[in-house]
Amino acid sequence: MAEIKRIGVLTGGGDCPGLNPAIRGVVMRALDYNLEVMGIRDGWAGLIKGDMAPIGLADVDTIISVGGTILGTSRTNPFKKEEDVQKVLDNIKKFNLDAIIGIGGDDTLGVANKLSKRGAPAVGVPKTMDNDVSGTEYCIGFDTAVSVAVDALERLRDTARSHHRIMVLEVMGRDAGWVALMTGLAGGADWILIPEVPVDFDEMCKHLMDVRARGRSYGLVVVSEGVKLPHLDENAGGEVDAFGHVRLGLRGVGQAVGDEIEKRTGVQTRVAAIGHIQRGGSPTVSDRYYPTRLGMAAVDLVMKGEFGKMPAVVGNKIVTVDLDVAVGKTKTVPIELWNEVKALFK
Ligand code: F6P
């Protein structure tokens, strides 16, 4: 194996708190091996353009508590055009990058995987507030997103209680209900709607009215943006990103659910969709602890020549997973977990 002297690191897809701790972990570990680290700007776009600069200790020293990503990010997909793939491969050579570390969700990891099959020395690090990457129990950004959403739900409880209303909180999460499920559980919601389970308005509204009948004059519902409703446009007006994802937030599922609840129960209902607020702010302790260790482990994989892989968290330990196992299969909420959480709707 060729000697590793210089590596490139990039963050791709939606930003979230925890990316900076991961970048810091990469740089800190690289110092142990005397590696030079190039910070690639704006995800795969930076590798297509050759937009990168060295980053060292001074750049990452104090970023552990800072949200977002110091490298910038984008949803650029080089595999949309073969010429862009060629530019990526050429720039890896031109900038003498002996390895690439791509920190991102399914899309970014998918590109890293495809590149490694084309001979590029790439490894991944799992990141997404949606928590839907397979092969890992933890994804960077999820814990902070849920913490923000729980805080929002608690605020909604105060105003719901005062006005004797039902409040609906719409959260992100794409086609997986992790954010909604965890938010609802941790915030004590009366009902949770996730994409994995068909919506049953009869059951939900009966429960919300039962709660009122037993003397609590308000209700809290958490709905995931990806929940399917028969009368709602699945394509959200047709706007898709470079990986073919529609902007689910545009569908207004929270409002549609709120309208239906008000119609059926006669109880005044209000809706809050917190959108990108979930992706900002200082990372939680978990979103510092794991990203730092995953970033460090990614450099270790590079040094061992284990390309086409990513470090993952399984059973609280950092393990190595093939990108083939991680990408292309959304990790959704298992029905057993949903049933367990549903038992709390009392
Ligand atoms: O994948 C992360 C995520 O926050 C999803 O939950 C959401 O649907 C999407 O990104 C929003 O993307 P954008 O920031 O491009 O609007």
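## The ligand and its pocket

The ligand takes up the space of the largest pocket. A pocket is an open set of points on a 1 Å grid over the protein atoms alone, with protein on both sides within 12 Å along at least five of seven lines. The model is predicted, so local features need pLDDT of at least 70 and side-chain atom pairs pLDDT 80 or more, while totals for chains, interfaces and linings use all residues. Residues are numbered from 1 along each chain as its sequence is written, and side-chain values use heavy atoms, without hydrogens and water.

## Residues around the ligand

Arg75, Met129, Asp130, Met172, Gly173, Arg174, Glu225, His276 and Arg279 surround the ligand, each with a heavy atom within 4 Å of it. This shell has five charged, two polar and two nonpolar residues; Gly is counted as polar.

A polar side-chain atom of Glu225 is 2.5 Å from a ligand oxygen, and an N or O atom in the side chain of Asp130 is 2.6 Å from one. For Gly173, a polar backbone atom lies 3.1 Å from a ligand oxygen. On its own the ligand has 400 Å² of accessible area (Shrake-Rupley method, 1.4 Å probe), and the protein covers 82% of it.

## Two domains

An automatic or database assignment gives domain 1 (6-140 + 283-328) and domain 2 (144-279). Their centres, taken over C-alpha atoms, are 32 Å apart. The contact between them (heavy atoms within 4.5 Å) takes 17 residues from domain 1 and 15 residues from domain 2. Each domain gives at least three residues to the shell around the ligand.

Technical notes. A polar contact is a pair of N or O atoms within 3.5 Å; within protein, one must be able to donate a hydrogen and the other to accept it, and residues adjacent in sequence count only if both atoms are side-chain atoms. On a 1 Å grid over the protein atoms alone, a cavity is a set of points where a 1.4 Å probe fits but cannot get out, and a pocket is an open set with protein on both sides within 12 Å along at least five of seven lines; lining residues have an atom within 4 Å of a point. A molecule sits in a cavity or pocket if more than half of its atoms lie within 2 Å of its grid points.
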